Amino acid sequence: QVHLVESGGGSVQTGESLRLSCVVSGSIYNRPSMGWFRRPPGKEPEGVAGIYRYGITTYYADSVSGRFNISQDNAENTVYLQMNSLRPDDTAMYYCAADLANLVKPGTLYPYDFGYWGQGTQVTVAS
C-alpha cells in the first residue's frame with residue numbers, strides 16, 4: 001500500500017509564496033514520477049508540474065512556468081512545490097500524485113497515468 005500526504009496549503013495574499021510538500025510512504029520499489037495537479041473551484045483538474053523518475057526532467061504548465069518549482073528529496077521520499085508570485089487564479093485544491101507503474105512519459109501530466117493520489121491541500125490567494 002502506498003500513501004501520499006500533502007501539506008503546506010493555506011491562505012495568502014497576491015504576490016506571496018507557499019511551499020507544498022508531499023510525503024510518499026509505503027511499498028515503493030522504484031523511483032516514481034511525481035506530479036502536482038490542482039482543481040480550481042468549479043473547473044476541471046489541471047496538471048501543474050511534474051518531476052520524472054530520476055528527477056532529471058521537470059515540466060510546468062504554462063500558467064505556472066517561471067513562478068513554481070518542483071523538487072524532490074529522495075532521502076525523505078518527499079516532493080515539493082514551491083509556489084512564488086501567487087495570484088488569485090492559483091486558488092485551488094492541490095493534489096500530488098505518483099506513478100509507480102512507469103506509465104508517465106516525461107513532459108506529460110495526464111491524470112490517468114498516475115495511480116496514487118493524496119487527499120489534497122487547499123491554496124487560497126486573495127487579491
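Are Asp-90 and Arg-67 buried or exposed? Both Asp-90 and Arg-67 are buried, where buried denotes under 20% relative accessible area, exposed over 50%, and partly exposed in between (1.4 Å probe, protein chains only). The structure is a predicted model, in which local features need pLDDT of at least 70 and side-chain atom pairs count only at pLDDT 80 or more, while totals for chains, interfaces and linings use all residues. Residues are numbered from 1 along each chain as its sequence is written, and side-chain values use heavy atoms, with hydrogens and water left out.

Side chains of opposite charge can pair when their charged atoms come close. A search of the whole structure identified 4 salt bridges, a salt bridge being a side-chain nitrogen of Lys or Arg within 4 Å of a carboxyl oxygen of Asp or Glu. One of them joins Asp-90 to Arg-67, with 2.8 Å between the closest N and O atoms. Because Asp-90 lies in the loop between E8 and E9 and Arg-67 in the loop between strand E6 (58-60) and E7, this pair ties together parts that are 23 residues apart in sequence. Strands (E, at least two residues) and helices (H or I, at least four) are DSSP runs, numbered from the N terminus.

Another salt bridge links Glu-46 with Arg-38, whose closest N and O atoms are 2.5 Å apart. Glu-46 is partly exposed at 28% relative accessibility, whereas Arg-38 is buried, with a relative accessible area of 3%. Arg-38, Glu-46, Arg-67 and Asp-90 are linked in a network of salt bridges. A salt bridge also forms between Arg-87 and Asp-89, at 3.2 Å between the closest N and O atoms. Arg-87 is partly exposed, with a relative accessible area of 32%, and Asp-89 is partly exposed at 46%.

Asp-99, which belongs to strand E9 (residues 92-99), is buried yet has no salt bridge. The nearest side chain of opposite charge is that of Arg-53, 6.8 Å away; in this count Lys and Arg are positive and Asp and Glu negative, while His and the chain ends are not counted. A polar atom of the Asp-99 side chain does, however, lie 2.8 Å from the backbone nitrogen of Leu-103.

Two residues other than glycine have positive phi values: Ser-85, near 50°, and Asn-102, about 55°. Ser-85 is found in the loop between E8 and E9 and is partly exposed at 40% relative accessibility. The C-alpha atoms of Ser-85 and Gly-15 are 4.1 Å apart in space, although these residues are 70 apart in sequence. Asn-102 lies in the loop between E9 and strand E10 (116-117) and is partly exposed at 44%.

The whole structure contains 1 cavity of 30 Å³ or more. On a 1 Å grid over the protein atoms alone, a cavity is a set of points where a 1.4 Å probe fits but cannot get out, and lining residues have an atom within 4 Å of a point. The largest cavity holds about 90 Å³ of space, a volume being the space filled by probe spheres set on the points, which are joined across faces, edges and corners. Its lining includes Val-24, Arg-31, Met-34 and Asn-77. Strand E7 (68-73) and strand E8 (78-83) each supply at least two residues of this lining. The lining of the largest cavity comprises 5 nonpolar, 4 polar and 2 charged residues; Ala, Val, Leu, Ile, Met, Phe, Trp, Tyr, Cys and Pro count as nonpolar, Asp, Glu, Lys and Arg as charged, and the others, Gly among them, as polar.

Technical notes:
1 Å grid on protein atoms, 1.4 Å probe; cavity = no way out; pocket = protein on both sides within 12 Å on 5 of 7 lines; lining within 4 Å. Polar contact = N/O pair within 3.5 Å; in protein donor to acceptor, adjacent residues only side chain to side chain.
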